[in-house]
Amino acid sequence: MENVKEFIETEVEKIKSQVDGTALIALSGGVDSSVCAELAYRAIGNRLLPIFIDTGFMRKGEPEQVREAFSHMNVKVIDASDRFFEAVEGIEDPELKRKAVGETFIRVFEEEAKKSNADYLIQGTIYPDVLESEKGIKAHHNVGGMPEKMEFKGVIEPLYYLYKDDVREVGRELGLTVALSERMPFPGPGLSVRACGLATREKVAAAREANAIVEEEVMEALKPWQALAAVIGKGTGQKNEKRVYGWIIAVRIVDSNNAITAEPLEVPYPILKRIQERITTEIPDACRVVYDVTPKPPGTIEFE
Ligand code: XMP
């Protein structure tokens, strides 16, 4: 990015002059909404109303981290996990699952927006989201997802033309913690897309633990663009001298050019081994771990 300071100044000024009342923002725990919230907070201070909807599909410790990182703002936390699990019940198809999560998100958000009486909506949409939605590659739940009947005076998307790396740069300049600004990408529908097929509570819980393990083992050691784990099905195994039918966990560690293409990392075997040992020991119902060697294309980064 050419001039980060100038970008921030311009966007802060724009928000300042546009927002004559209050503005709502949904924090997700990810880089985009975090950067957006900090920008908006600089512009309008406590007239910014951040809400955090806990979908039940968040990363391990995420609700707590969001509370802590944004303790200088008045964040409203809403635990809506029951509604989200209900919404995806019985849905195996990945796009339908995305839609169900997206629609539930909108409904919960709409209710909160009404209660808040906010005048404006601020969203952390970034350019790759726009491109992928336009091309019909994927239903991003932060693009074009807000219903028209939410009568905001305006929707503000300060990061609309930025790529992820630029967003990170802006985050660093705004003084976001490293944990937040360097955080790897995480899908809007969260762990529901990493619990392939039916996203049951048990499967999502296994996905949450596995993702935390992978993150702990590789983010510092390998600094990949993205590392994740997905529960991709069930397989036979042997645990505690008993035959079991447990989760198969796929591990994916990639470097990427802004998520457009991706290349799997040649992970040193001892690291893979450690990940396997931790997953099959710490997650009671997991009995197999596989490593995905597929680039994007033909694979995508997420499994869905
Ligand atoms: P795929 O799986 O399509 O993912 O190769 C590309 C990148 O986008 C992330 N991703 C999302 N990010 N909202 C987001 O903000 C979403 O709905 C979403 N779905 C996928 C994914 O983690 C990868 O980095």
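This is a predicted model: local features need pLDDT of at least 70, side-chain atom pairs count only at pLDDT 80 or more; totals for chains, interfaces and linings use all residues.
**Stop 1: the tyrosine cluster**

Begin by selecting Tyr127, Tyr160, Tyr161 and Tyr163, which together form one aromatic cluster. The structure as a whole holds six aromatic pairs. One of them joins Tyr127 and Tyr163 in an edge-to-face arrangement, with 5.9 Å from centre to centre and 80° between the planes. The planes count as edge-to-face because the angle between them is over 60 degrees.

Next, colour the chain by secondary structure and keep this pair in view. Tyr127 belongs to helix H6 (residues 127-134), whereas Tyr163 is in the loop between strand S5 (154-156) and helix H7 (164-173). The pair links distant parts of the chain, its two members being 36 residues apart. Display the surface to judge their accessibility: Tyr127 is partly exposed, at a relative accessible area of 25%, and Tyr163 is partly exposed as well, at 26%.

Now turn to Tyr160 and Tyr161. Their rings also form an edge-to-face pair, 5.1 Å centre to centre and with 70° between the planes. Is Tyr161 buried or exposed? With a relative accessible area of 62%, Tyr161 is exposed, while Tyr160, at 26%, is partly exposed.

**Stop 2**

Ala259 is located in the loop between strand S7 (242-257) and strand S8 (261-264). The relative accessible area of Ala259 is 23%, so this residue counts as partly exposed.

**Stop 3: the second largest pocket**

Select Val178, Ala179, Leu180, Arg183 and Glu215. Of the 23 residues that line the second largest pocket, these are the closest to its centre. The volume of this pocket is about 580 Å³.

Helix H3 (62-69), helix H8 (178-181) and helix H9 (201-222) are the elements that give two or more residues to the lining. Which element provides the largest share of the lining of the second largest pocket? That share, seven residues, comes from H9.

Colouring by residue class shows the composition of the lining: ten nonpolar residues, three polar and ten charged. Then colour by domain, with domain 1 spanning 4-181 and domain 2 spanning 194-291. The pocket lies between the two domains, because both of them give residues to its lining.

**Stop 4**

Follow the chain out of H9 to Lys223, which is in the loop between H9 and strand S6 (226-239). Lys223 is not a glycine, although its phi is positive, about 45°.

Continue to Glu241, in the loop between S6 and S7. This residue, too, is other than glycine and has a positive phi, near 60°. At 78% relative accessibility, Glu241 counts as exposed.

**Stop 4: a lysine over a tryptophan ring**

Select Lys234 and Trp247 and show their side chains. Lys234 lies over the face of Trp247, and the distance from the ring centre is 5.1 Å.

**Stop 6**

Select Gly56, found in the loop between strand S2 (48-54) and H3. Is Gly56 buried or exposed? Gly56 is buried, since its relative accessible area is 9%, under the 20% cut-off.

**Stop 7**

End the tour in the segment after strand S9 (286-291), where Pro297 is placed. The peptide bond leading from Lys296 to Pro297 is cis, with omega near -15°. Pro298 lies in the segment after S9 too, and the bond from Pro297 to Pro298 is cis, with omega near 10°.

Definitions and conventions:
Residues are numbered from 1 along each chain as its sequence is written. Side-chain values use heavy atoms; hydrogens and water are left out. Rings of Phe, Tyr and Trp (its six-membered ring) pair if their centres lie within 6.5 Å; planes under 30 degrees apart count as stacked, over 60 as edge-to-face and the rest as tilted. Helices (H or I, at least four residues) and strands (E, at least two) are DSSP runs, numbered from the N terminus. Buried means under 20% relative accessible area, exposed over 50%, partly exposed in between (1.4 Å probe, protein chains only). A charge sits over a ring if NZ of Lys or CZ of Arg is within 6 Å of the ring centre and within 35 degrees of the ring normal. On a 1 Å grid over the protein atoms alone, a cavity is a set of points where a 1.4 Å probe fits but cannot get out, and a pocket is an open set with protein on both sides within 12 Å along at least five of seven lines; lining residues have an atom within 4 Å of a point. Grid points are joined across faces, edges and corners, and a volume is the space filled by probe spheres set on the points. Ala, Val, Leu, Ile, Met, Phe, Trp, Tyr, Cys and Pro count as nonpolar, Asp, Glu, Lys and Arg as charged, and the others, Gly among them, as polar. Domain bounds come from an automatic or database domain assignment.
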